[in-house]
Amino acid sequence: MAVDDELAMAAQLLLRDRFVLREEDPEGFFLVRRHERALREFFREKLGWTLLMNMRFYKLEKVPAAGAAYLGIEAMQGPEDYALLACTLAFLEEQEVDGQFLLSRLLEVLPGLYPADAPLAISWESYAWRRALIRVMKYLEAERLIRVVDDESEGFLSAGLSGGAPAGEALYEVTVLSRYSLRLFARNLRSYHDVMLLGETGEEGLDVRRRVYRQLLLAPVFYRTAATEEEFSYLRHQHREIDAKCQQWFGLSLELYDDAAMLVCEEPPSLFAELYPSARRGLHDIMLQFAAAWRAQGDAAAHRDATRTELVALLARLREAHGENWTKEYREMAPEALFSALLPELVDWGMAEEREDGLYRLLPALWRLAGGYEEKGEES
């Protein structure tokens with residue numbers, strides 16, 4: 001593998017994965033190590049991101065230019081989940097690496113860490129709070145921030161506390177990764193008066209170049225708005241250089257339109273070649289057909305909003321025509337339920353938005369990819 005190919009593979013690993021672990025991916029770990037200096041300089045210069053290094057892993061601190069719903073954690077179901085997650089991570093930072101703690105100890109500590117001015121106070125008598133905490137612990141386990149030694153937490157979930165102690169106990173072990181999950185900020189959080197400033201990674205702040213690269217690499221599509229006019233001006237003047245860098249480091253090409261920009265993978269190899277459309281997600285097949293059917297109505301369809309009834313009817317026609325090729329889950333859904341499943345995916349991929357008046361706007365990213373089936377039932 002040529003040096004440039006190695007650099008690109010290492011950069012893609014860091015961008016794709018939360019941690020590149022020596023134990024799980026020694027080849028990837030040492031690939032990053034061989035090119036650590038170049039990677040560190042590139043990500044710092046272009047994006048203002050820090051490359052963290054430990055004898056067990058590498059981690060790229062991927063800070064977005066702005067918050068967005070698609071950046072959320074799928075396992076978290078509300079603000080209380082995120083608050084419990086942050087408080088639990090703060091608790092873990094105080095524990096010894098490879099040390100152990102009991103669920104009962106965590107239950108004692110969390111109310112003291114939880115914001116005193118939060119609308120709802122923690123109550124382990126509430127099933128909703130217990131369910132939220134179990135979601136958090138399962139997420140931490142999946143992310144390898146903790147290891148489960150013994151787990152009888154289902155008793156706590158179903159019955160709560162008994163005599164002040166959880167009805168079901170659990171024993172957890174702290175991993176080194178837990179020390180590198182809460183982000184370090186440039187200054188004390190209380191000094192921030194604008195949430196947009198949380199994207200800063202140093203005293204120099206976040207310049208336009210870094211905002212552009214972050215949006216391109218972390219957002220499915222980057223739209224031109226009044227707030228992003230400066231970034232689009234930069235894109236128009238620097239698009240050739242940005243395109244060259246993104247092809248060199250990530251195997252992605254920049255497509256720049258009047259009101260939108262996006263990075264696409266035209267030819268493998270790239271670790272991002274199957275993000276969308278994914279061969280493993282039947283919903284993406286339907287999204288491709290949905291895009292083709294809406295676009296077939298002509299240019300006027302691209303410039304008007306649609307009602308829910310209209311879009312549900314379109315899905316019903318698609319199911320009638322192509323449902324036999326869909327996965328069982330979606331083939332058996334009623335059109336209304338199918339729309340409810342499809343809409344969040346369209347929104348997350350920047351292909352649609354729900355307006356305050358109850359109408360739906362289908363966005364330019366929807367037109368970039370469309371698909372259908374050949375007569376033999378094979379995807380075209």
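Let me begin with two helices: H3 and H8 pack at an angle of about 110°, their axes lying 7 Å apart. That angle makes H3 roughly perpendicular to H8, a label that covers 65 to 115 degrees, whereas under 35 counts as roughly parallel, over 145 as roughly antiparallel and the rest as oblique. From H3, the contact draws on Arg44, Glu45, Lys46 and Leu47, and from H8 on Arg209, Arg210, Tyr213, Arg214 and Leu217. Contact here means heavy atoms within 4.5 Å. The axes are lines fitted to C-alpha atoms, for helices over the stretch in contact, and the angles run from 0 to 180 degrees between N-to-C directions. Helices (H or I, at least four residues) and strands (E, at least two) are DSSP runs, numbered from the N terminus.

A word on the basis of these values. This is a predicted model, in which local features need pLDDT of at least 70 and side-chain atom pairs count only at pLDDT 80 or more, while totals for chains, interfaces and linings use all residues. Residues are numbered from 1 along each chain as its sequence is written, and side-chain values use heavy atoms, with hydrogens and water left out.

Now to the chain as a whole. The protein chain has 14 helices and 13 strands. Its C-alpha atoms fill a box of roughly 65 × 50 × 45 Å along the principal axes. How does the radius of gyration agree with that of a compact globule? For 380 residues, such a globule would have a value near 21 Å, and the protein chain has 23 Å, which agrees. The radius is taken over C-alpha atoms, and the globule rule is 2.2 Å times the number of residues to the power 0.38. Of the contacts with a separation of 6 or more, 60% join residues 24 or more positions apart. The accessible surface comes to about 20,300 Å², and carbon and sulfur atoms hold 50% of it; the areas come from the Shrake-Rupley method with a 1.4 Å probe, and for residues only the protein chains shown count as cover. As for burial, 44% of the 380 residues count as buried. Buried means under 20% relative accessible area, exposed means over 50%, and partly exposed lies in between (1.4 Å probe, protein chains only).

Helix H8, residues 208–218, is mostly covered, with 9 of its 11 residues buried. Among the buried residues are Arg210, Arg211 and Arg214, together with Tyr213 and Leu217. H8 lies across E9, E10 and E11, and runs at about 60° to E11. Helix H9 (residues 229–250) also packs on that sheet, touching E9, E10 and E11, and its direction makes about 155° with that of E10.

The sheet in question is open, with 3 strands in the order E9-E11-E10 and antiparallel pairing. Strand E9 (222–223) and strand E10 (253–256) stand at the edges, each with a single partner strand, so one side of each has no neighbour in the sheet. Two strands pair if DSSP finds at least two bridges between them. E9 is joined to strand E11 (residues 260–264) by 2 bridges, and Phe222 has Ala261 as its bridge partner in E11.

E1 and strand E3 (residues 57–60) pair over 2 bridges, with Val20 opposite Tyr58. E2 and E3 are joined by 4 bridges, Leu52 stands opposite Lys59, and the two strands form a hairpin with 2 residues between them.

Gln12 is found in helix H1 (residues 3–16). Is Gln12 buried or exposed? Gln12 is buried, at 4% relative accessible area. Leaving aside residues up to four places away in sequence, Gln12 touches Trp249, Phe250, Gly251, Ser270, Leu271 and Phe272.

Asp98 is not a glycine, and its phi is positive, near 70°. Asp98 lies in the loop between helix H4 (79–93) and strand E4 (100–102), and is partly exposed at 37% relative accessibility. Arg144 likewise has a positive phi, of about 65°. Arg144 is in the loop between helix H6 (127–142) and strand E5 (146–151), and its relative accessible area of 31% makes it partly exposed.
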